[in-house]
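Me: I would like to go through this model with you, one topic at a time. Could we begin with the helix packing?

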Amino acid sequence: MTWETTALVGAVGAPFLTAVLIFALGEHRDAARSRINLAGAALTVVAVVAAAVAARAGAPDAYPSAGIALLDIGFSLRADMLGALFAVVAGVLWLITTVYAIGYMSRASDRARFFGFFSVCVGSAIGIALSANLLTFFVFYEVLTLATYPLVIHSGTPAALKGGRTYLTYALPAGGALAAGVVWLNLIAGPVEFAAGGSLDPALASTHPGALIAIFALLILGVGVKAALFPLHGWLPAAMVAPAPVSSLLHAVAVVKAGVFGIARIVLEVYGPLGHELGVTQVLAALAGFTIIFGSVRALAQDDFKKRLAFSTVAQLSYITLGVALASPIAIAGGIAHLAHHAAMKITMFFTAGAVSEEVKAYRVSEFDGLGRRMPLTMTAFSLAAIGIVGVPPVAGFTSKWLLGVGSIDAGSGWVIAVLGISSVLNAAYFFPIIHRAWFRTPKPEWAHGPAAGKPEGDMRMIVPLVMTAAIGLAMGLLAGVALSPASWAQTVAAWEFPW
Amino acid sequence: MGKVTPKSPLPIRIAALAICAGVGALLSRAVLAIPETESGLAPLVDANLEASGVKNAVTAVLLNFRGYDTLLEIAVLMLATIGVLSLSVTQKGTWDPIAAQADPVLSALARFLAPVMILVSGYLLWAGEHAPGGAFQAGSVVGAAGVLLALSGYARPAWISRFALRAAISVGFIVFIAVAIGEMIAGGLLLQYPADLAKTLMLLVETWLTVSIGAILVSLFIASASPAEELRMRSGGER
Amino acid sequence: MAEWIVRQLPALVILMPFTAAPLAYLLGAKFGRPIALVSALLSQPLALLLAIRVSRVGTLRYEVGGWGGPLGIDLVVDGVAAVMVLVTTVVGLFVTVYALGYFGDRERYRFFWPLWLFLWGSLLALFLSGDIFNLYVCLELVSMSAVALVGLTLSREALVAAMRYMLAAILGSLFYLLGVALIYGAFGSVDMQTLREVIRGDTTGQAALALMTVGLVLKTALFPLHFWLPPAHSNAPSPVSAVLSALVVKGSFYILVRLWVDVAQTAAFPGASTVLGVLGATAIFWGSIQALRQERLKMLVAYSTVAQIGYLFLMFPLVTGGGPAAADAWTGGVFHAVSHALAKSAMFLAAGTVLARFGHDRIEGLGGLSRRAPATAMTFGLAGVTMMGLPPSGGFVAKWQMIRASIESGQWWWAVVVVAGGLLAAAYVFKVLGPFFGREPEAMDEADLDPGPSPWTMEGAALALALGSLVLGVLGQPLLDLIMVSAPALVAGVTP
Amino acid sequence: MSQTDLYTLAGSTLFVIGLYGLMTRPHLLHKVLALNISSAGVFFVLVGIARRIPGTTPDPLPHAMVLTGIVVTVSSTAFALALAKRIFTETGTAALDASDVDVEEDAGG
């Protein structure tokens with residue numbers, strides 16, 4: 001094995017190995033578990049970064065890969081630049097989330113189960129990122145589906161169980177559709193490997209147009225649930241019963257981004273120009289545009305803080321979908337960049353939700369009056385992330401929206417500008433009131449003088465991570481022009497994805 | 001506790017009748033269509049009878065050509081015995097006297113008949129080589145002798161331990177397997193009798209099979225038909 | 001020595017448990033336990049060697065008695081036979097290890113060991129037999145040992161279930177034997193290889209096949225002849241339940257497949273394969289819905305078996321047309337049998353652990369099990385992945401092949417059945433998993449909460465089987481290849 | 001009608017009679033006996049088949065099959081009877097379903 005393939009296998013294997021060790025340790029050995037978890041996460045970061053380096057060195061046609069024979073396609077991993085971007089995002093944020101979760105979960109029960117399945121989820125997300133073909137993608141995709149379930153219902157309350165059932169009711173039939181689509185596609189087109197610019201034979205568009213459209217529908221149905229595409233989004237707000245680290249990493253990054261990442265793979269690296277020719281990407285773009293508006297409007301009406309964030313996620317995910325569905329390299333770059341940008345900003349916001357609920361037991365937006373005094377660092381981080389999502393420069397969100405806007409004109413889809421405009425206004429309308437309440441409303445008496453003297457504003461294992469992610473979000477925007485930033489990386493990838 | 005109804009309800013009987021009529025029709029048509037020309041394996045059996053080591057065609061099929069069937073068949077018998085023993089209330093197994101008191105006439109008769117039956121079984125065993133007969137017939141007679149003894153009040157003799165009974169039940173199968181493995185070690189295949197030893201080995205197997213079949217039949221009879229046992233249970237001792 | 005072993009391999013595989021069985025009976029419970037364990041361990045390399053040998057050289061033919069078919073009886077080891085032997089041997093080992101802990105040295109279960117070893121040997125004999133009359137004897141051996149094992153607890157329910165099972169099994173055997181008689185009468189042989197050349201779909205041939213099919217379907221418990229299975233499989237001692245669901249029902253199914261696909265070639269009987277497929281599909285829905293309605297864990301798992309058996313029968317309509325679809329359906333069906341064997345035995349063993357520890361298996365009383373018995377809850381969850389057919393699991397690979405075969409042969413509706421069946425399976429699996437991850441029932445007092453952990457051998461054996469069913473989903477390719485070694489002509493696409 | 005036809009038809013009839021008995025008689029002893037009748041029917045068919053070519057010595061193979069079949073049937077009958085008896089001692093009745101049992105007036109006595 002070369003160091004490239006070692007990094008590739010290690011990036012996927014390290015989280016799974018961590019999970020096995022955590023399960024084997026059992027419930028009561030907290031210190032050992034934390035050490036193993038942090039070591040595993042750190043190792044994973046090293047491996048994904050190495051895989052990204054390898055991908056960049058091999059791009060665009062000598063990506064390192066590794067695999068074994070399975071069925072007619074094979075079970076194989078490949079470090080390419082698009083996948084590496086998602087893998088790095090998931091790996092780095094996992095390390096940060098682990099610190100946060102150790103703090104958040106310090107008084108919760110069933111910690112072995114929690115951290116074990118959490119690691120499985122991260123491993124699956126990285127596996128999804130580094131899959132070389134649809135079969136491998138599907139395998140990790142379904143592992144992710146199943147491993148998320150115990151996390152959603154972690155508290156074991158009837159409400160949690162109900163949320164879990166809702167989640168499965170969406171996710172499992174979607175898996176069935178995805179399976180049928182993948183099998184069918186392989187029968188028509190032979191083993192489908194992901195390849196920049198699409199891997200389907202253009203001749204198929206004339207020989208099997210109906211089947212290709214049906215398969216596209218099945219595949220998008222499959223990944224659309226995790227991507228929370230309207231009308232498949234209903235599980236995401238229901239899944240907010242999960243503990244904060246789950247909402248943060250999984251429901252803002254790993255799980256939902258696995259869905260949009262899948263859409264990107266299918267649209268860009270399987271169908272390629274065929275999607276546009278068959279007219280299916282246009283439909284997808286329209287659906288994404290509608291989801292953006294829909295999610296934002298629904299977010300406005302939520303008083304529950306996490307639910308508001310969840311509907312915001314529904315809308316933001318469709319920015320990515322919209323980007324890859326538009327026939328323009330600039331828009332594609334915008335979508336891919338937003339995958340990383342939104343991750344950093346939204347995880348900050350969910351970290352905030354968890355820190356606030358743990359420290360001052362505030363769960364609703366209406367309880368946030370003057371919270372900025374009580375938890376200044378936390379609310380600063382939150383405000384920064386919120387501004388970013390709204391799209392105010394120089395935070396990261398601005399860059400991706402800018403690329404999307406330019407790209408839509410490039411693709412000749414001017415209506416997208418309108419969607420972006422309306423959405424930004426709505427984003428501002430549901431986030432600015434929170435910022436306003438936190439900083440400008442009169443605080444409760446016990447909050448007025450800030451945290452108790454000599455004490456930090458909360459568990460530092462939770463505050464430090466959220467400050468870090470906010471800083472990362474800011475950096476992604478400020479340094480968007482630097483060669484290794486997600487935005488530049490996305491533009492490099494998009495250039496290959498859209499050669500036509 | 002109650003009586004079992006003698007017959008199922010009418011709808012079930014009608015349905016059963018319909019099924020039986022269907023199966024019957026299918027079956028009759030099929031048996032009548034069997035051609036009168038298919039000679040089957042009879043010519044092959046005849047051609048190889050010489051090499052089988054026995055003169056009776058059925059015995060040759062049972063012990064040599066399809067000896068593997070017979071090996072498994074002994075396993076079925078043994079299995080049934082273990083099964084029956086596992087169901088018997090005392091699970092102690094075999095050969096407690098069934099009649100509470102020995103009937104003098106029956107006892108005298110049994111004393112006379114039992115040795116004769118053993119002798120007969122020996123003859124049947126030997127005759128199986130060239131005429132209808134063999135281990136199963138011989139074993140049945142041994143079993144009958146045992147049942148007769150048990151019915152007429154003979155308790156298990158002290159020199160037959162429970163281990164000895166288990167040994168008697170399993171010896172046929174064990175010897176059969178041992179011979180089969182021996183043949184393999186000697187360079188043949190499973191149950192491939194060397195031409196010169198075929199007759200001897202088959203007789204060896206058949207002899208021990210006779211012992212086992214006799215013991216098995218007695219055990220089957222006694223383990224599932226001991227009134228004394230049932231009385232004990234009815235008086236309320238069970239579990 | 002090595003050469004001798006290779007030559008005698010098919011016989012050795014069968015003789016191992018058949019030698020151990022009478023010894024375990026003769027020497028009693030004290031020696032029965034180590035004898036069973038030694039036999040189970042020694043069987044592993046033999047089965048593995050057999051599989052390797054078959055994958056290297058193709059079909060092994062062993063002429064018992066040195067006569068060769070059709071006069072004598074042949075043991076025939078092709079790819080699928082080797083696979084079935086392998087799965088029997090692996091499941092057998094873990095069940096044996098589990099049973100050591102489960103039964104302990106309780107005197108009343110001393111008959112378990114010889115009966116179980118007999119069952120083991122009978123299954124191997126069945127999978128290797130190349131003679132339809134010999135298969136009758138094997139079927140009877142399997143049934144009798146299985147029934148005796150069901151009745152082992154001597155509880156009222158178990159005895160009645162065993163009786164029902166016994167009657168169904170004997171009747172099934174008689175139907176089968178009648179078919180054998182007709183086939184011999186009309187075609188003059190009971191050797192499969194000979195029959196393959198001469199069998200025809202005339203009046204007698206069709207009737208014979210119909211009778212045998214009815215008998216075997218009854219023994220396999222295909223809907224609507226499944227009535228005996230749920231009580232028998234749920235009331236048996238759990239190691240026995242595991243073996244029954246994992247292996248025993250596959251025995252009669254295996255003969256059915258041999259007859260249809262290998263000997264008679266389904267082409268001669270086109271309509272019947274559709275009937276079997278429809279019954280299979282009905283079994284999937286009926287079994288799953290019944291499973292959903294159960295309140296006892298073992299009953300739920302037993303009905304799940306009724307449903308999972310249905311998938312096996314989808315093989316028939318998909319194989320009939322030949323071509324690449326037939327090959328996919330063949331590997332899919334056999335792979336399903338294998339992965340279901342591992343996962344279902346794991347589930348029953350897990351249920352047995354629960355039952356042995358808490359004294360009941362009411363699902364509503366098992367809330368929070370993942371806290372009290374994490375390994376057992378995990379076992380159930382992992383095995384559930386295969387039941388649902390989700391990756392990475394053997395069940396997924398099997399369903400992939402079945403969906404593929406459906407689309408390939410233009411019978412897309414079977415693909416819908418496969419996907420829908422997976423969703424129904426998810427419904428009953430999560431009906432159990434939800435409470436496992438949930439809270440403890442309120443009415444529980446401290447003593448109920450923790451009656452003490454089970455022996456690690458029990459939890460470990462069950463978990464190992466569940467993990468095995470997962471590993472098949474990623475590393476299953478060698479097994480898929482082995483299934484196709486010397487596959488029947490209809491499947492391999494060779495014109496006979 | 002040839003001798004073979006006579007035997008095989010008689011065998012078929014016996015098989016069906018047994019089948020009917022098995023399905024319609026709730027009493028376990030009846031069921032076991034019904035199965036025995038059915039097996040006798042199968043053996044008849046086999047014996048008939050052994051003589052299917054007129055004027056030749058009977059085919060030994062079906063005879064061997066019958067002998068094997070008889071041993072198997074004896075074994076399974078013995079086991080089934082033991083099972084039925086055990087069910088009777090445990091439940092006080094010899095039926096599989098409670099619905100097949102007439103409850104007596106003085107059941108308590």
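Me: Which handedness does the crossing of α1(C) and α2(C) have?
Reply: The crossing of α1(C) and α2(C) is left-handed. Please bear in mind that this is a predicted model.

Me: At what angle do helix α1 and helix α2 of chain C pack, and how far apart are their axes?
Reply: Helix α1 (residues 2-26) and helix α2 (residues 28-57) of chain C pack at about 165°, and their axes are 9 Å apart. Because the angle is over 145 degrees, α1(C) is roughly antiparallel to α2(C).

Me: Which residues make that contact?
Reply: From α1(C), the contributors include C:Val6, C:Leu9, C:Leu12, C:Val13 and C:Met16. From α2(C), they include C:Ile35, C:Leu42, C:Leu46, C:Leu50 and C:Arg53.

Me: And how do the residues of the contact divide by class?
Reply: The contact of α1(C) with α2(C) has 17 nonpolar residues, three polar and one charged.

Me: Changing topic: how many residues does each of chain D and chain B give to their contact?
Reply: Chain D gives 47 residues and chain B gives 44.

Me: Which elements of chain D give two or more residues to the side that touches chain B?
Reply: Those elements are α1 (3-24), α2 (28-50), α3 (60-91) and β1 (101-103) of chain D. The largest share comes from α3(D), with 18 residues. By class, this side of chain D has 27 nonpolar, 11 polar and nine charged residues.

Me: Where does chain A stand relative to chain B and chain D?
Reply: No contact joins chain A and chain B, and their closest C-alpha atoms lie 39 Å apart. Chain A does not touch chain D either, the nearest C-alpha atoms of the two being 38 Å apart.

Me: Within chain A, where is A:Ala57 placed, and is this residue buried or exposed?
Reply: A:Ala57 lies in helix α2 (residues 30-58) of chain A. A:Ala57 is exposed, because 12 other C-beta atoms lie within 10 Å and the class takes in residues with 12 or fewer.

Me: How far apart are A:Ala57 and A:Pro451?
Reply: They are 394 residues apart in sequence and 49 Å apart in space, C-alpha to C-alpha.

Me: Last topic: what is the mean pLDDT of chain B?
Reply: The mean pLDDT of chain B is 83, and 85% of its residues reach 70 or more. Over residues 228-239 of chain B, however, the pLDDT is below 50. Beyond near neighbours in sequence, that stretch has nine contacts in the model. Where pLDDT is low, predicted coordinates should not be read in detail.

Terms used: Residues numbered from 1 in each chain as written. Chains lettered and ligands numbered in written order. Predicted model: local features only at pLDDT ≥ 70, side-chain atom pairs only at ≥ 80, totals over all residues. Helix = DSSP H or I, 4+ residues; strand = E, 2+ residues; numbered from the N terminus. Buried ≥ 20, exposed ≤ 12 C-beta atoms within 10 Å, placed from the backbone. Contact = placed C-beta atoms within 7 Å. Nonpolar A, V, L, I, M, F, W, Y, C, P; charged D, E, K, R; others polar. pLDDT = per-residue confidence, 0-100. Axes fitted to C-alpha atoms, helices over the stretch in contact; angles between N-to-C directions. Parallel < 35°, antiparallel > 145°, perpendicular 65-115°, else oblique. Left-handed = near helix turned anticlockwise from the far one by under 90°.
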